[in-house]
Every structure is written in C-alpha cells, then in structure tokens.
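Please read the points below alongside the model. They go from the overall fold to single residues.

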Amino acid sequence: MTPPRSPRRHPRLTLLLATLAAVLALAFTYPPSLPAFVAPRHAPPPPPLATAEPIGASAAVDMVQSMPGDSVQFPVRLDDDSLSMRYQWVAVGDTVSMALTRPLDRKALTAPSAPGFYRLAIVRDTTTLVLDRPVLAVMIPFAEKKGAVLNGYRIGTYRGERRGSDAHPDGFFPVQPADTDVSVSAHLRLADFITHDSQQDVWPKYVALTPRLLDKVELVAAELERRAGRSGRMQLELDVHSGFRTPSYNRTVPRAADDSRHQYGDAADIAVDANGDGRVNAADARLVADAVEAVEAAHPDLTGGLGIYTSSRYPVPYVHIDARGERKRWRG
C-alpha cells in the first residue's frame, strides 16, 4: 500500500500568513496610535473700517444735528489706515452711491446740503461700511419759515419773533413718513416728537429736537433701571405724551405756558411704569421725579424743568422733563 503524501507547502502563502498573524498580534497588544487632531486655523476677521463712539453722558444718544453744509464733528472711531478712506452721507432709506464720496478728514466732515436724516458711509477700495448709528439730522434753518408756515406746514409764531429776539429754535428737521421710526436715542424715536396737531396728512412735518434733551431723558431712564435692578438698555418703555409742539398747537393745549419749552425741542412729557408693577400711577411719577433730581445733581449742565402731573384731570400721570439750563419745579 502506498503511504499518504505529505501536504505540499507554498512558501509565499506561508510568508503571507505569518505576516498577517504578526500584524494581528500587534493590534491586540498595543493600542492604536492616532495622530493628534489639529483644528484648522482661521484668520481673525479684519477690524471694521469704523465704529460709532458713544454720544452724551448717557452714551445712549443716537443723533447728531447740523445745518446744511456745516462742518460736523462726527463721533466715529477709524482704523489706523484712515488716509485711504473716503466717506459719504446716505439718506435714510437710500442706497450707497459711490460717485458722491469725499476724502475723509479725521477732524471734521461736511454735512449734506439738503436737510434730512443721513447715515455715515465709510469707503476704502471696494469695501463700504454704512454705520447704523448715530444718525446725522440736517436742519432747515429757522429763517426759511415764512410767517407762520414752513413749506406748507403750519408752525405758528414764536414769542421771540413777536418781540424781535432770537428766542426760537435754530431750525427744524423735516420728517417724512419713512423717517418716523428712526432711532434718536436708546429709548426714543422721531415719532415720539411729532406735534399731535390736526395736520396728520401734511408731509413733511417739522420737528425741533435737541440732543441735550435726549441725553437727559436717557440718563433718567438709566437711573430708573438701576434703582429697579434692571440692567442693559431698552428695558423701560417710555411713553412720550408730548414732544415737540409748534407754537400754533401749543396755544390750543389747556394750561400750557405761552413760552413752553416744548416749542424749542428741549422738553418731553413722559409716562413710564417705573416700578414695574404693570400700572402707571402717581407712585411712578414720584420715582421719575426722584431720578430727575439725581441726574441733575450729577450733571448740572443738564439742569432744567421738572413738572409732575398727577391730578385726577389727567387720565395717566406723567412727568415733564426739560433741559432749558435753568432749574424750574412745579405741579400740574
């Protein structure tokens, strides 16, 4: 009988199996060594061409005023390469027109020649940055008023006109319907200062308004928020009962002073739920009055009038605040 043959050996297969066994032995003996993850590096975004600087002691005013074509000290911080920048004014609601740019001067900018509301646009090469705030409000000079009327809008006659003095605003801002929602400070917008007269369908309307008043009202709001334990802007809601009043309308307001500061754009009647209880009553008016006193003590340059109206003849109690430069106190 023939003996069985020995199995034939294949050298290459043997070598392959030996190598695979060695690899498997190492895989179970040593943990896998993975390369460390390196997060991709992204270059930081370039700094903006310009940023708005705070306005006023409150740092919450969003309006700069000017006469047409005047030199304007605009509160803007530029990056180091400002020599290559140009600027232009963009009317609120309009788009940028590169053809209207001017060389940028750090010291002063030139206001547009047409009255209205503008935003500052900074241009460098192909990059354009339009600043949301502050807005530049270019006035129409007071001398443009003819008698009691300015461009079809009835304003009336100031006491200073009748007496031959300059006791009147320097000018007025023309307000179109699209401008009413423009922010002039952290808590206030243009609509808060339009006269509540019978000329609802007459546009543009004209408003006198001073940044001093805006600064004072914002300081009062900040003081109220601080005392109530709130933090951050836009916490309180201010209801402006009366902002700018034309002399014509002021004469129709019961018990209004003939020379009311509302006619000069530096007064506002404000109702606010100062204690956050969901109501506006005499207690809120007292809190607002206390805040006004605190603001005037800290900022004597904003001294002015304070009137408290809490009698039953007023459906909602309110407080008159103005920045006339002279201390006055009364109850309505």
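1. How many helices and strands does the protein chain have? There are five helices and 20 strands, taken as DSSP runs numbered from the N terminus (helices are H or I with at least four residues, strands are E with at least two). The model is predicted, with pLDDT of at least 70 needed for local features and 80 or more for side-chain atom pairs, while totals for chains, interfaces and linings use all residues. Residues are numbered from 1 along each chain as its sequence is written, and side-chain values use heavy atoms, leaving out hydrogens and water.

2. The chain has 332 residues, and 43% of them count as buried (under 20% relative accessible area; exposed is over 50%, partly exposed in between; 1.4 Å probe, protein chains only). Of the contacts (heavy atoms within 4.5 Å) between residues at least 6 apart in sequence, 66% join residues at least 24 apart.

3. Aromatic pairs number 11, counting rings of Phe, Tyr and Trp (its six-membered ring) with centres within 6.5 Å (planes under 30 degrees apart are stacked, over 60 edge-to-face, the rest tilted). One of these joins Tyr309 and Tyr314, edge-to-face at 5.4 Å centre to centre with 85 degrees between the planes. Both Tyr309 and Tyr314 are buried. Ring pairs also link Phe142, Tyr158, Phe172, Phe244 and Tyr264 into a cluster.

4. Tyr264 also has the charged end of Arg261 over its ring, 4.4 Å from the centre (NZ of Lys or CZ of Arg within 6 Å of the ring centre and within 35 degrees of the ring normal). Lys205 lies over the face of Trp203, 4.6 Å from the ring centre.

5. Where is Pro48 found? Pro48 is in the loop between α1 (11-29) and β1 (50-52). Pro48 counts as partly exposed because its relative accessibility is 46%. Beyond neighbours within four places in sequence, Pro48 contacts Asp79 and Leu129. Pro48 and Leu129 are 81 residues apart in sequence, yet 8.0 Å apart in space, C-alpha to C-alpha.
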